[in-house]
Protein chains: 2
Amino acid sequence: MTTTLHVSFVAGAAGEWSINRLSPVIGDSLNPAAALSIIEGHSHPLPDAPTWALHGTVSNIRYTTRIEAEALAARQQPLKRPEAVCAALIPIRKSPSWWALTQDERRSIFEEQSQHIGIGMAALPGVSRRLHHCRDLGEPFDFLTWFEYAPEHSDAFERMVDQLRATPEWHYIDREVDIRLTR
Amino acid sequence: MTTTLHVSFVAGAAGEWSINRLSPVIGDSLNPAAALSIIEGHSHPLPDAPTWALHGTVSNIRYTTRIEAEALAARQQPLKRPEAVCAALIPIRKSPSWWALTQDERRSIFEEQSQHIGIGMAALPGVSRRLHHCRDLGEPFDFLTWFEYAPEHSDAFERMVDQLRATPEWHYIDREVDIRLTR
């Protein structure tokens with residue numbers, strides 16, 4: 001991203017996406033809600049009295065090399081494809097020990113040891129993904145990842161999530177919530 | 001940083017630091033003001049009607065390797081040393097072409113081509129430094145760097161600033177303001 005985009009995920013009684021399941025994976029959960037709205041940019045007002053609201057910024061990539069970025073760009077699809085009626089929002093927070101690591105150490109765990117990019121690549125082009133950074137915003141999570149996919153790609157999505165959760169990188173995750181939605 | 005710290009730099013008629021000089025280096029300047037206050041954390045109210053306020057987050061390191069981080073840690077001194085009565089606040093914004101680069105490309109320009117860490121290291125321990133990230137916050141700058149030094153280290157500070165501005169990395173800077181202060 002050469003410019004940033006502020007995005008708010010707002011849970012409440014009504015919204016574009018119905019929440020079918022909201023479950024804690026690691027640490028504290030979020031309060032249950034019926035629906036989720038996604039609000040892009042700062043110019044739109046947020047709904048009144050949401051059950052919760054999480055905020056993040058679509059920003060520059062932090063670990064990906066040029067070769068990896070080009071391989072991803074060749075396969076990845078945009079959000080809002082009409083057939084992609086399934087979605088997941090997975091907020092995660094990484095531990096203080098992760099954030100005490102240097103860039104080379106984090107990169108090594110992220111890709112050389114955990115194949116984070118490689119595992120994500122296997123779910124392309126069926127699963128679309130957008131990462132939102134929130135650590136610098138003082139939010140309760142460090143990252144909000146939003147995924148969209150058609151029902152026939154549910155198995156590829158579940159395989160990706162299971163594989164990521166089994167990596168060395170995931171030892172550094174101290175809070176994770178898994179929210180599944182349909183449009 | 002294993003935790004983040006929100007910091008506001010607030011310019012106005014009064015404050016802990018007197019502004020002696022405020023000059024644009026690249027692109028638009030900021031409005032002149034007499035003094036600057038630094039407010040750490042979210043719990044303190046900001047002064048009313050400031051001339052301007054810039055916000056950033058002390059966050060995790062983005063380019064430094066373990067070897068470099070240990071060399072820096074062995075030499076760097078904290079802020080707020082009684083003898084460090086000189087300060088500089090240098091807000092910078094990097095260009096869209098910088099942010100379109102991948103991590104490996106940015107690291108190569110930052111250190112292998114520009115010796116950013118090496119140039120900064122030469123000013124240690126006389127010059128203390130704290131970097132605040134603001135790109136993800138939707139602020140007008142991407143980084144706010146705050147420096148403190150005793151008068152006898154002014155030459156080392158000026159040499160560092162001159163050397164950094166002559167690097168390939170600085171070709172990617174599209175806004176820079178240089179603010180000098182004393183306490």
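Is Asp178(B) buried or exposed? At 2% relative accessibility, Asp178(B) counts as buried, where buried stands for under 20% relative accessible area, exposed for over 50% and partly exposed for the range in between (1.4 Å probe, protein chains only).

The model is a predicted one, in which local features need pLDDT of at least 70 and side-chain atom pairs count only at pLDDT 80 or more, while totals for chains, interfaces and linings use all residues; side-chain values use heavy atoms, with hydrogens and water left out. Residues are numbered from 1 along each chain as its sequence is written, and chains are lettered from A and ligands numbered from 1 in the order in which they are written.

The arrangement of the chains comes next.

Charged pairs form the next topic. Side chains of opposite charge can pair when their charged atoms come close. With a salt bridge defined as a side-chain nitrogen of Lys or Arg within 4 Å of a carboxyl oxygen of Asp or Glu, the count over all chains comes to 24 salt bridges. One of them joins the side chains of Arg93(A) and Asp174(A) at 2.7 Å, N to O. Arg93(A) lies in strand E5 (residues 86–94) of chain A and Asp174(A) in strand E8 (residues 173–182) of chain A, so this pair ties together parts that are 81 residues apart in sequence. Helices (H or I, at least four residues) and strands (E, at least two) are DSSP runs, numbered from the N terminus. Arg93(A) is partly exposed at 30% relative accessibility, and Asp174(A) is partly exposed at 26%.

In chain B, the side chains of Asp174(B) and Arg93(B) meet in a salt bridge of 2.7 Å, N to O.

The residue of the opening question also has a charged partner: Arg165(B) and Asp178(B) form a salt bridge at 2.9 Å, N to O. Arg165(B) belongs to helix H5 (residues 154–165) of chain B and Asp178(B) to strand E8 of chain B, 13 residues apart. Arg165(B) is partly exposed, with a relative accessible area of 25%. In chain A, a network of salt bridges links Glu158(A), Arg165(A), Glu176(A), Asp178(A) and Arg180(A).
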